[in-house]
Amino acid sequence: MSEKSETTGASYASAGVDIEAGDRAVELMKEWVKKTKRPEVLGGLGGFAGLFDASALKRYERPLLASATDGVGTKVDIARRMGVYDTIGHDLVGMVVDDLVVCGAEPLFMTDYICVGKVHPERVAALVKGIAEGCVLAGCALVGGETAEHPGLLGPDDFDVAGAGTGVVEYDQLLGADRIREGDAVIAMASSGLHSNGYSLVRNVVFDRAGWSLEQEIEEFGRTLGEELLEPTKIYSLDCLALTRTAEVHAFSHVTGGGLANNLARVVPDHLHATVDRSTWTPGAVFDVVGRAGNVERLELEKTLNMGVGMIAVVPEQSVDVALAALADRGVDSWVAGEITARGDHREGAALTGDYAK
């Protein structure tokens, strides 16, 4: 045993955990969390639990609480490599709240979990800033969270983020497969890009196969590869909720991991089938570039990436014009992409047909 180990006791700091840096990070993030506060939120950041005044739910006849949790996958690697930490939070919020709104639930509040190899206060605050900005876009409060330092398990610059959200919907306004009818229209809402799914495939293609760098200008993007890959996920929750107040909506489908057809099939009842016509839109350049650079088959792309559609609304035919107008008023690019028919000989709940528009 060395003399140093005999005379110097172990400490949390010597094990790699910096409590003071964590405290500094909390102070830096407080101003951003404050921007998300809703009237129902009690107290501020720093308590052991976030408080939300449930008496606000008294206006509901039969309130249903909806809960969802998610992360952003390996997109964090892009943020780490670029040293940009204030946008990945938008992705996190989008992944959570847009799962909630699928059943018609209004997102009420979120909590986050940030795991780092070493606490860099400004970096952690930037991560929370992005989450808070996402919550503002979603209309929900960020009521608390946890920042964990894991030295020895993660490198000093490594991190991951996750979040959980709670929403509420009136029982008789619950959306889903039970409402869908034959003849309903499938309305697609454009994605902002890759969103937060399929990055293991994308990273393999652009880094390992193509050998590109994040600083490389890609002509089809009109910007660098890194800027394209870090484009934040579009958050649809307020747009979807506004749509339900304007037009009759039977169901939503959040297009995430598994692609458009698989996610749409999740809300289609067993006796019906959704057909989506590829010719109704042109996927963004990033999907074509990834496909060509990796020689990825179309079916593989479609079951991994959103192909330019981030959210689906299923509405009765008579509500189509009102729905499209309402979404256009909110700046959401949307179009009729398909229809609901009888299942017939179809084995799957949803399928893509035709070829993408050029």
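A salt bridge is a side-chain nitrogen of Lys or Arg within 4 Å of a carboxyl oxygen of Asp or Glu. Keep that in mind for the views below, which all come from a predicted model.

**View 1. R292 and E220 form a salt bridge.** Here the closest N and O atoms of R292 and E220 are 3.1 Å apart. R292 sits in helix 10 (residues 285-294), while E220 belongs to the loop between strand 8 (217-218) and strand 9 (223-224), so this pair ties together parts that are 72 residues apart in sequence. E220 counts as partly exposed because its relative accessibility is 43%. In the whole structure, a search finds 17 salt bridges, and R292 with E220 is one of the pairs that form such a bridge.

**View 2. R278 meets E302 in a salt bridge.** The distance from N to O is 2.7 Å in this pair of side chains. Look for R278 in the loop between strand 11 (272-277) and helix 10, and for E302 in helix 11 (residues 298-302); the bridge therefore ties together parts that are 24 residues apart in sequence. Are these two residues buried or exposed? Both R278 and E302 are buried.

**View 3. D355 and R298 are joined by a salt bridge.** Their closest N and O atoms are 3.1 Å apart. This pair links distant parts of the chain, with D355 in the segment after strand 14 (350-353) and R298 in helix 11, 57 residues apart. D355 is exposed, because its relative accessible area is 55%. R298 has a relative accessible area of 37%, so R298 is partly exposed.

View 4. G226 lies in helix 7 (residues 225-229). With a relative accessibility of 0%, G226 counts as buried.

View 5. You can find N263 in helix 9 (residues 259-265). Why does N263 count as buried? The reason is its relative accessibility of 2%, as buried means under 20%.

**View 6. E182, E317, D321 and E339 form a negative surface patch.** One member to pick out is E182, found in the loop between strand 6 (159-170) and strand 7 (185-190). E182 counts as exposed because its relative accessibility is 56%, and exposed means over 50%.

**View 7. H195 and N295 each have a positive phi.** For H195, a residue other than glycine, phi is near 60°. H195 lies in the loop between strand 7 and helix 6 (199-209), and its relative accessibility of 1% makes it count as buried. N295 is not a glycine either, and its phi is about 50°. Where does N295 lie? Its place is the loop between helix 10 and helix 11. At 70% relative accessibility, N295 counts as exposed.

Key
Residues are numbered from 1 along each chain as its sequence is written. This is a predicted model: local features need pLDDT of at least 70, side-chain atom pairs count only at pLDDT 80 or more; totals for chains, interfaces and linings use all residues. Side-chain values use heavy atoms; hydrogens and water are left out. Patches are made of residues with over 30% relative accessible area and no salt bridge: like charges are joined within 9 Å, nonpolar side chains (Val, Leu, Ile, Met, Phe, Trp, Tyr) within 5 Å. Accessible areas come from the Shrake-Rupley method with a 1.4 Å probe; for residues, only the protein chains shown count as cover. Lys and Arg count as positive and Asp and Glu as negative; His and the chain ends are not counted. The place of a charge is taken as NZ of Lys, CZ of Arg, CG of Asp or CD of Glu. Helices (H or I, at least four residues) and strands (E, at least two) are DSSP runs, numbered from the N terminus. Buried means under 20% relative accessible area, exposed over 50%, partly exposed in between (1.4 Å probe, protein chains only).
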